[in-house]
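User: Hello! Could you take me through one part of this protein in detail, and then show me how the rest is arranged?

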Amino acid sequence: MAISLTLFPITATPPPSSSLFSLTRLPRSHRLPYLSSSPSDKLRATAWRFPSPTRTKSVATMATNEEFTGNLKRQLAKLFDVSLKLTVPDEPGVNPLVASSDADKFGDYQCNNAMGLWSIIKGKGTQFRGPPAVGQALVKNLPTSEMVESCSVAGPGFINVILSPKWMAKSIENMLIDGIDTWAPTHSVKRAVVDFSSPNIAKEMHVGHLRSTIIGDTLARMLEYSKVEVLRRNHVGDWGTQFGMLIEYLFEKFPDTDSVTETAIGDLQDFYKKSKTKFDEDPDFKEKAQQAVVHLQGGDPIYRKAWAKICEISRTEFAKVYQRLQVELEEKGESFYNPYIAKVIEELNSKGLVEESEGARVIFLDGFDIPLIVVKSDGGFNYASTDLTALWYRLNEEKAEWIIYVTDVGQQQHFNMFFKAARKAGWLPDSDKTYPRVSHVGFGLVLGDDKKRFRTRSTEVVRLVDLLDEAKTRSRTALIERGKDKEWTPEELDQTAEAVGYGAVKYADLKNNRTTNYTFSFDQMLSDKGNTAVYLLYAHARICSIIRKSGKDIDELKKTGKIALDHADERALGLHLLRFAETVEEACSNLLPSVLCEYLYSLSEHYTRFYSNCQVNGSPEETSRLLLCEATATVMRKCFHLLGITPVYKI
């Protein structure tokens, strides 16, 4: 089920129909895997901080007009790849090791090949006399390029690269004219499945579904921006023995199932609990429920109709959450794969993988104490049989190259086992880095102030709709306290409260390393200080205000104005802007949205330093600095979009 939304293009100022914010949905896009690396690639720049360079080569006079293709690290790697082939032609398997520098005084980027290369060639009669000589040769053989201002060799062969500020400025100017999508990374994968959210039918979506939904949506957005076709799959729990008791309870309460509505059933969670209580306490009801499962799985139209009614009511509830979160999903639940299960089990059996064990049919796997049960002792199917079938379908029918599952870390063993079974069946390559590949994106728990699983005071799990509405209400209250109800229309107040409230919930989750637990706190996430969505949204709004107050037509300035990165803070901001694409690529490759959040917050800090030390409006450099403001706002908006957050334009 996909949710349709009204979409607006991103602009420097909001479209006329929405003076405060604009929900943006840009073209779906694609990205490249990282260059292969050695253990030495893991070294951080801090390990390369040597007191003085031993040799400097100026390449300020450029021979080529090299356009920025979006990824600085990759672009520099291409130059060093040429140098490596010239320097050590007999070692074709060496890949360039390029990393960004953490310390400005050592350059913008480093190439870290010399030491590793020396260990390979030193016993082969080489002309070089140590890593520094290898580093110097790599610099000498580096092709001239207008993107590089100078290179220096420090210590045992570490090559520090300083980028040309003129080239940097021109690259930012081009982005402002051609659009931020020109900076999108490109992935080798053409089609991916992201399996996320996945609530159970007849149960309310609660805070436990929050992380899967938010993280999965951001991963999908980053892949789409990287030019990957993403199949957003909602693998809902819409099949199984629990539907017998739900259907029988529905028949008892509403003999005329055609007239059943969401209002008539009321609280779906309460309906589920009452049916479960009766199932546990009433033997006659339990027997009827078990027979109902047989009728349902046998295709009885009356039971199928009742099942469809329960699913329909659940989907209506799910849609309320997805609409608030601006999340798009296509439902392919457990029932969708049910007709394929027998065929898939038979294929596994024909390959000699399935064995009998204590009445069940299982797959024994090396490294695990327990087998993977694919058919239960009563002949029924389970999660493993459904998940294996879904994987088979995604590989063979949907032709996906990368299948990503977003669930809590508690399911790690299940995924490890069924991934291994798929490799044993020959569906996947032995290496988990080779495509087609599968990845389990595990995440920790959402905790309350007591550091226990987040629940209401009555020990119930928190309904997701209620949690999101509370965030919006608190956001609205904060805006009213600032007098915005006197300045804005009710619609503007509502839209901004929603954008800030929902954005705060998302960002508070995404900024954390997903594998860890995090404490849910409205006070912290709705603070306008520190690393919060509120602070970042306000920072964006302030940039837009500075541009508006200049009175200049920013679109005209993009066509005629030039950027100069003469001040140290201008250059630092420009460099951080140019690192956007490689950051998205890193976040995408490692399936870590927190990497993008860290970049976004750091961008706001770079901008603050720039604005504090470089007057914008009314200065001789006004045009250049307004364009830097616009570039910063453009990159911030794209970050917001990838995180599923709606930007605000005034506050």
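Helix H22 (residues 580–589) is largely enclosed by the rest of the structure, because 9 of its 10 residues are buried. Please keep in mind as we go that this is a predicted model. The buried residues of H22 are Phe-580, Ala-581, Glu-582, Thr-583, Val-584, Glu-585, Ala-587, Cys-588 and Ser-589. Just after H22, Leu-591 has a positive phi of about 55°.

Take Leu-467 as an example: setting aside neighbours within four places in sequence, Leu-467 touches Val-207, Phe-454, Val-462, Val-505, Phe-520 and Phe-522.

Five strands form an open sheet with parallel pairing, in the order E8-E7-E6-E12-E13. Its edges are strand E8 (330–331) and strand E13 (437–443), each of which pairs on one side only. Strand E12 (residues 402–408) pairs with E13 in the parallel sense over 7 bridges, and here Ile-404 stands opposite Ser-439 of E13. E6 and E12 also run parallel, joined by 4 bridges. You can follow a line of partners across these strands: Asp-195 has Tyr-405 in E12 as its bridge partner, and Tyr-405 in turn has His-440 in E13. E12 is largely enclosed by the rest of the structure, because 6 of its 7 residues are buried.

Helix H13 (residues 383–396) touches strand E6 (191–195), strand E7 (229–234), E12 and E13, and its direction makes about 150° with that of E12. H13 is largely enclosed by the rest of the structure too, because 12 of its 14 residues are buried. Among the buried residues of H13 are Asp-387, Thr-389 and Arg-394, along with Leu-388, Leu-391 and Trp-392.

His-540 is found in helix H19 (residues 533–550). Why does His-540 count as buried? Its relative accessible area is 0%, and buried means under 20%, so His-540 falls on the buried side of the cut-off. Leaving aside neighbours within four places in sequence, His-540 is in contact with Ala-633, Met-636, Arg-637, Phe-640, Pro-647, Val-648 and Tyr-649.

Finally, let's step back to the whole protein. There are 24 helices and 15 strands, and 55% of the 651 residues count as buried. Among contacts between residues at least 6 apart in sequence, 76% join residues at least 24 apart. The accessible surface comes to about 28,100 Å², with 50% of it belonging to carbon and sulfur atoms.

Terms used: Residues numbered from 1 in each chain as written. Predicted model: local features only at pLDDT ≥ 70, side-chain atom pairs only at ≥ 80, totals over all residues. Heavy atoms only, no water. Helix = DSSP H or I, 4+ residues; strand = E, 2+ residues; numbered from the N terminus. Buried < 20%, exposed > 50% of the residue type's maximum accessible area, 1.4 Å probe, protein only. Contact = heavy atoms within 4.5 Å. Areas by Shrake-Rupley, 256 points an atom, 1.4 Å probe, with all protein chains shown as cover. Pairing = 2+ DSSP bridges. Axes fitted to C-alpha atoms, helices over the stretch in contact; angles between N-to-C directions.
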